[in-house]
Amino acid sequence: MSEQGKETRADAPTRGSGDPRRLLNVVKRPPYRNALVIVAVAITMASLFAASYSLVLGRATPHHLPTGLVGDPARRPQLVNALKRATRGALEYQPLPSIAAARTAINEQKIYAALVLEPGKPRLLISSASGVSVARVLEQATLQVAQHVSPPIAIVDLHPLPPADPQGLVAFYVTLAATILGFTSMFQLAAHAPQLSLRAWLAFVVVLAVLGGLSLALVTDPLIGALRGAFTELWFSLTGEVAAAALFSSAMRCLLRAWAIVPTWLLFVVLGNTSSGGAVAPPLLPPVFAFIGRFLPPGATVNILRRAVYFPHEQHIEPFLVQAGWIICALAGLLLCARLGHKRPAE
């Protein structure tokens, strides 16, 4: 066979590479198929993120707004009913014996506002630190009612937000930062240190959580002064958030390997941060999100941070128990998966 014939045969596959059937066969090969699956999953997760934030946070609507009522509503029935209508019926009045009782209930986060109808000009006690989104809804409702009811309601903000955090979003942002730090570090650790033993992996989780929580607490408190509160509580809560995200993603890596990002992203970002109450207060979230937010790590962390900064004498044990529960369950799941499946998260 001539050299020209050999060259023609060698070039034949190249000339035929434009054949649609040949291209389809190339796409079906594992590397390309896996790449397409990864792209599809990534787009789906990003779409869920955008949808959850847009629908839940972008369309915040009052649902259940616990509101104290001081005084006899029969004295001002028009005002009481008009304010409730202005919030689309979301106000849930709870009779209280005095203004002092109303202040205490607001400090303890049992109610978000209180309407005072005692003799004199009516007052609406609000608390921006409890949820600036709720405070805005109540302020807008008050302005709407003032056009039809006289005398107008005086608004008194018992816990205004400081200039360093005028929108009350720093707790939400730093919690999101702790979450991302926790699970992305684990995926990077698996990619660049696959030889780590389970014991070494857990040691790195501890170091990451403690130092990561410390760094975030230092940035938000003494460095930029956005969250002025009990530094130890800030450090402790952010350490817990990093640890929960890191251990959960580690357990998912041990169980699902490369696909661990899917449940981690859905739980902590799509559901957890959306329902945390950091960007939009729970009374303005859909009831399902308002309920589950209490029992997910981001919601617990936001709750601890907010109380530590604005209500230091009214800290509750529930969010600490939620954080501890997730850390213990994630650690137990990781150890169980490693023991029974003979796998390491670093593999």
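The largest pocket is lined by 28 residues, and those nearest its centre are Y112, P282, A290, R294 and N303. This is a predicted model, in which local features need pLDDT of at least 70 and side-chain atom pairs count only at pLDDT 80 or more, while totals for chains, interfaces and linings use all residues. Residues are numbered from 1 along each chain as its sequence is written, and side-chain values use heavy atoms, with hydrogens and water left out.

A pocket here is an open set of points on a 1 Å grid over the protein atoms alone, with protein on both sides within 12 Å along at least five of seven lines; a cavity is a set where a 1.4 Å probe fits but cannot get out, and lining residues have an atom within 4 Å of a point. Points are joined across faces, edges and corners, and a volume is the space filled by probe spheres set on them. On that basis the largest pocket holds about 710 Å³ of space. At least two lining residues come from each of α11 (287–293), α12 (297–310) and α13 (318–341), with α12 giving the largest share, six residues. Helices (H or I, at least four residues) and strands (E, at least two) are DSSP runs numbered from the N terminus. The pocket lining splits into twelve nonpolar, eleven polar and five charged residues, with Ala, Val, Leu, Ile, Met, Phe, Trp, Tyr, Cys and Pro taken as nonpolar, Asp, Glu, Lys and Arg as charged, and the others, Gly among them, as polar.

As for cavities, there is one of 30 Å³ or more. The largest cavity has a volume of about 120 Å³ and 21 lining residues, with A129, G168, L169, G278 and R306 nearest its centre. Two or more of its lining residues come from each of α6 (132–146) and α12; α12 again has the largest share, here four residues.

Turning to the sheet, five strands form an open, mixed arrangement in the order β2-β1-β3-β4-β5. β2 (91–96) and β5 (154–157) are the edge strands, each with a single partner, so one side of each has no neighbour in the sheet. Strands count as paired if DSSP finds at least two bridges between them. β1 (residues 65–70) runs parallel to β3 (residues 113–116) over four bridges, with L69 opposite L115. Six bridges join β1 to β2, also in parallel, and P66 has E92 as its bridge partner in β2.
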